[in-house]
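The entries follow in the order in which I made them.

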Amino acid sequence: MNKDSFKLIITIVERGKGKNVLAMYSGHRVQAHLQCAGRGTASSELMDTFGFGTAERDVLISLAPSPDADRLLQRLEDATHAALRAKGIAFSMSLNAMNNLLAAALLNSAAAEEEEEPLMEKKGRAMSLILAAVDQGSTDDVMNSAREAGARGGTVLRARWAGGKAIEQFYGIMIQEEKEIIAIVASAERRNAILEAINKNHGLRSDAHGMICSVPLDKVARIG
């Protein structure tokens, strides 16, 4: 697979409109989603620019093969997307790592029989954002594994699985609806070790049912 095989799509819409987005995305073969609740902090002028009528947000984190992600983003730009009855913003980012098992499920393929190492897509970026979505209650164990591999810390977000049945269909894995997303910023030197440690101990075939990916960061600024 080349470096552009998979993408992460972030969609932010008004609270309650996430279900409209999910229905449309599923119709465009984008079916792996984590849904979070958020709150906007933009000024009223900026909210008006993006079409937000309220500060409460539905945040959708989706994974898809690049061709499907690109087609979906193009569709969202079309005037006919008004059928969504939702206002907001969506953007995509190329991934540089993912579970082999998760990648195979997104491609509707049973090629990944064993879950050993994350799928490395691209190398060379100085910093990456690692995202690990695990069953609720698994966070401490995952962070312990990450720290042993060199992680200095992470941020935990509450979410729920809102995806389709591809993983269950191909591998018989029951995905718990309540999830926690662990976000870890890591250097290129530590990224692979952290990814491998989380995937080995807390991957999709473990009790944590971890879905793991990594996004290259252009720039990181430390505040304070």
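Which residues are linked with R15 in a network of salt bridges? I found that R15, E56 and D58 form such a network, a salt bridge being a side-chain nitrogen of Lys or Arg within 4 Å of a carboxyl oxygen of Asp or Glu.

I note the basis of these entries: this is a predicted model, in which local features need pLDDT of at least 70, side-chain atom pairs count only at pLDDT 80 or more, and totals for chains, interfaces and linings use all residues. Residues are numbered from 1 along each chain as its sequence is written, and side-chain values use heavy atoms, with hydrogens and water left out.

**Entry: salt bridges**

In the one between D58 and R15, the closest N and O atoms are 3.3 Å apart. D58 belongs to strand β3 and R15 to the loop between β1 and α1, so this pair ties together parts 43 residues apart in sequence (helices, H or I of at least four residues, and strands, E of at least two, are DSSP runs numbered from the N terminus). D58 is buried at 8% relative accessibility, whereas R15 is partly exposed at 38% (buried is under 20% relative accessible area, exposed over 50%, partly exposed in between, with a 1.4 Å probe and protein chains only).

I next examined K179 and D135, whose side chains meet in a salt bridge at 2.9 Å, N to O. K179 is in strand β9 and D135 in strand β7, 44 residues apart. K179 is buried at 0%, and D135 is buried at 4%.

**Entry: cavities**

I located two cavities of 30 Å³ or more. A cavity is a set of points on a 1 Å grid over the protein atoms alone where a 1.4 Å probe fits but cannot get out, and lining residues have an atom within 4 Å of a point. Points are joined across faces, edges and corners, and a volume is the space filled by probe spheres set on them.

The largest cavity has a volume of about 140 Å³. Its lining has 16 residues, with L34, I61, L63, A133 and C213 nearest the centre. β2, β3, β7 and β10 each give two or more residues to this lining.

The second largest cavity holds about 30 Å³. T11, V13, G18, V21, Q35, D58, V59 and L60 line this cavity. β3 gives the most to the lining, with three residues.

Key. On a 1 Å grid over the protein atoms alone, a cavity is a set of points where a 1.4 Å probe fits but cannot get out, and a pocket is an open set with protein on both sides within 12 Å along at least five of seven lines; lining residues have an atom within 4 Å of a point.
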